[in-house]
Amino acid sequence: VVLRLPWVGHLLMWDEAMNLCSVRSFAARGQDYYSSWFWHHPPLMSLALLLLQPLESGFAERAHLFLIFTGILTSLTLFALCRFAFGTAAALWSVFFYAVMPAAIFFDLWIKQDPLATLFGMLALLAFLKKRYWFSGALMGLALLAKEIAAFYAIGIGVLWLAQSREHRSVRDLLVVAAVAAVLSVWWYIGFSSSITYFIAFAVNFSKKGVDIWMWSRPWHYFLGKLPIDLGLLGLALSVLGVVAIGFLRRRGNREPAVLWPLAVLVPAFLLISTARGKAVWFTITLYPVFAALEGAGLQGLMSAVRSRVPAKRAFLGKATMTALGLAAVLHSVSGVWGRDYERTLFEQDGGIWWGAEASHEAAVMVKGLAKEDQRVLITPMSFWEFRDKEPCPIFVYYLGDVPVLVRPFNLSAQELVDAVKKYQLDWAMVSPEGPAAREALLEPLMREYGLQPLYLRGACVLKTDSSYKKP
C-alpha cells in the first residue's frame with residue numbers, strides 16, 4: 001500500500017481513460033462512442049466502477065483506491081496458494097516480492113479489467129487445489145466475466161488436473177469446473193461481447209478489421225526481454241531459482257500438483273502471448289503474482305539448501321546466513337522501487353503510450369485553462385494515436401471536464417473550421433492535423449487569411465477563434 005498510494009491520481013493512459021469515460025457515459029445514460037465501450041470487455045470491472053460515483057469529481061482517484069484494495073485481496077490469495085503449495089515461509093516471501101515487484105506496483109493501479117481477472121482466477125485455482133470444484137467453477141466464471149485473459153488461469157487448472165495421478169484424476173471434477181464457469185460467463189460472450197472477434201484477430205494472424213493491431217506487432221521474445229524491467233534482476237534470478245526449487249521438490253517425491261501451480265499458469269500463458277500476433281505491454285499483468293510465487297519459492301529453497309549444508313554444531317552460522325540473505329533481499333528490493341517516478345516508469349514500459357498520454361493531457365489542461373465559463377470549443381480527435389478515431393481521445397475528454405465542445409474530424413479543412421466557428425460561435429479550437437503537410441495545409445490559411453495564431457503543443461495546436469465570428 002505504501003508503495004502504491006503515491007501513484008494514486010497518476011497520468012492516465014488511453015485504456016484507463018476510455019474505461020472511465022465509458023462508465024461515466026453509461027451512468028449518464030449517454031448514447032455515444034464512449035458508452036459503447038462499456039461492452040468492449042466483460043462487464044465485471046465496469047459494474048464495479050459504477051459504484052464509485054462516476055459522475056462526481058475524483059473518479060479516477062477512487063478507482064485507483066479500489067484497485068489497491070483489490071491488490072490486497074490478491075496478496076491474501078497469493079499467500080493462501082503459496083502456503084498450500086510451499087509452506088508458510090515461502091508464502092510470506094511471495095507476498096513480499098509481489099508487494100515490491102516493479103511491474104506489479106505500476107500495473108496494479110492501471111484502471112483495467114486485469115486485476116479483477118487475476119484475483120478471481122487465483123481464487124478459482126486455490127479452490128480447485130482444495131478440491132472444491134463447484135466453487136472453483138463459480139470463481140472462474142467471475143474471472144472470465146472480468147476479462148478474457150482469465151483464460152490463463154482456466155488453462156492452468158486444466159494442466160493441474162492432468163498433473164494429478166490417474167487414481168485421483170476424475171473427468172467429472174474438471175467438467176464441473178468447466179460447466180459452472182460456462183453457465184456463469186457464456187451468456188456475456190454470446191449475447192453481449194462486441195469485440196471477441198477483434199481479440200481473436202489480435203491473437204492469430206487474421207483480421208477483417210482492427211487496424212491498430214499492427215501497432216502492437218513485436219518479436220516473439222518481447223515479453224521475455226522485458227522481464228528484467230518487470231521483475232528486477234533479483235526477481236528474475238529468484239524466479240529461475242523457483243523453477244529449480246519446484247523441480248527439486250518433484251524429484252524428492254512430492255507429487256502433489258499444487259507445487260506445479262506457478263508453472264501450470266506461466267508456461268502456457270507465455271507460449272500463447274509470445275506467439276500472438278499483437279503483443280501489448282499489459283498482457284502480463286495477470287501473471288505478476290505467479291512470478292512472485294516463483295520468487296518466494298526460490299528464496300526459501302535457497303535458504304533451505306544453505307541450512308541443510310551447515311553442520312548441526314554450527315547451526316548459528318546457518319541462521320546468520322539465512323538472516324543475511326533475507327535482509328539483503330529486502331533491502332535490495334525496497335531500495336529499487338522506493339520513490340520511483342510514475343511517468344518515468346511508464347516511459348520505460350512503453351515510451352509511445354507515455355508520449356500520447358502526456359500530449360493529450362497537456363492539450364486538455366491548456367484548453368480547460370483558456371476557455372472561460374461561457375465559452376465553447378471546437379476539438380478534433382488526436383491524430384498522433386494513429387487509430388483514425390472519429391471521436392476525441394478519451395484522455396483529453398476525461399481531463400477536459402465539462403467544457404462545452406463541438407467535435408469535428410482531425411482532417412478538417414481551414415474553411416470548414418471557420419464555417420463551424422461562425423455557425424456555432426466557438427471561442428477556441430484544438431486541432432490535431434495528421435503530419436506536417438496536413439498541419440501546414442490547415443494552419444497556413446488560418447494565419448494568412450484570418451489572422452489566427454496557433455499555440456503549438458505536442459501533436460496539437462490551440463487557436464483563439466472568437467475574432468472570426470465577432471467580426472462585423
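Predicted model: local features only at pLDDT ≥ 70, side-chain atom pairs only at ≥ 80, totals over all residues.

Visitor: How do the side chains of aspartate 114 and lysine 147 meet?

Guide: They meet in a salt bridge, at 2.8 Å from N to O; a salt bridge here is a side-chain nitrogen of Lys or Arg within 4 Å of a carboxyl oxygen of Asp or Glu. Aspartate 114 lies in helix 7 and lysine 147 in the loop between helix 8 and helix 9, so the pair ties together parts that are 33 residues apart in sequence. Helices (H or I, at least four residues) and strands (E, at least two) are DSSP runs, numbered from the N terminus.

Visitor: And what about glutamate 148?

Guide: Glutamate 148 is also placed in the loop between helix 8 (133-146) and helix 9 (151-163). Glutamate 148 is buried yet has no salt bridge, and the nearest side chain of opposite charge, that of lysine 147, is 6.0 Å away; for charge, Lys and Arg count as positive and Asp and Glu as negative, while His and the chain ends are not counted.

Visitor: Which side chain does glutamate 148 have a polar contact with?

Guide: That is histidine 41, whose side chain is joined to that of glutamate 148 by a polar contact of 3.0 Å. A polar contact is a pair of N or O atoms within 3.5 Å; within protein, one must be able to donate a hydrogen and the other to accept it, and residues adjacent in sequence count only if both atoms are side-chain atoms.

Visitor: Back to helix 7: is it buried or exposed?

Guide: 15 of the 16 residues of helix 7 are buried, so helix 7 is largely enclosed by the rest of the structure. At 1.5 Å a residue, its 16 residues should span 22 Å, and the end C-alpha atoms are 22 Å apart, which agrees; the expected span is 1.5 Å times one less than the number of residues. Just after helix 7, lysine 131 takes a positive phi of about 65°, although lysine 131 is not a glycine.

Visitor: What is serine 136 in contact with?

Guide: Leaving aside neighbours within four places in sequence, serine 136 is in contact with Ala124, Ala127, Phe128, Ile157 and Val177, contact meaning heavy atoms within 4.5 Å. Serine 136 has its place in helix 8 and, at 0% relative accessibility, counts as buried. A polar atom of its side chain lies 2.8 Å from the backbone oxygen of alanine 124.

Visitor: Changing topic, how many salt bridges are there?

Guide: The count comes to 11 salt bridges. One of them joins arginine 458 to glutamate 358, with the closest N and O atoms 3.5 Å apart. Arginine 458 lies in the loop between strand 4 and strand 5 and glutamate 358 in helix 18 (residues 351-370), so the pair ties together parts that are 100 residues apart in sequence. Salt bridges that share partners join Glu358, Glu362 and Arg458 into one network.

Visitor: Which strands does strand 5 pair with?

Guide: Strand 3 (residues 428-431) is joined to strand 5 by four bridges, the two running antiparallel, and strand 4 (residues 455-457) is joined to strand 5 by three bridges, again antiparallel. Two strands pair if DSSP finds at least two bridges between them. Within strand 5, valine 462 is the bridge partner of methionine 430, and alanine 460 is the bridge partner of leucine 457.

Visitor: Why is strand 5 described as largely enclosed?

Guide: Four of the five residues of strand 5 (residues 460-464) are buried, so strand 5 is largely enclosed by the rest of the structure. In the hairpin of strand 4 and strand 5, which has two residues between the strands, glycine 459 takes a positive phi near 80°.

Terms used. Residues numbered from 1 in each chain as written. Heavy atoms only, no water. Buried < 20%, exposed > 50% of the residue type's maximum accessible area, 1.4 Å probe, protein only.
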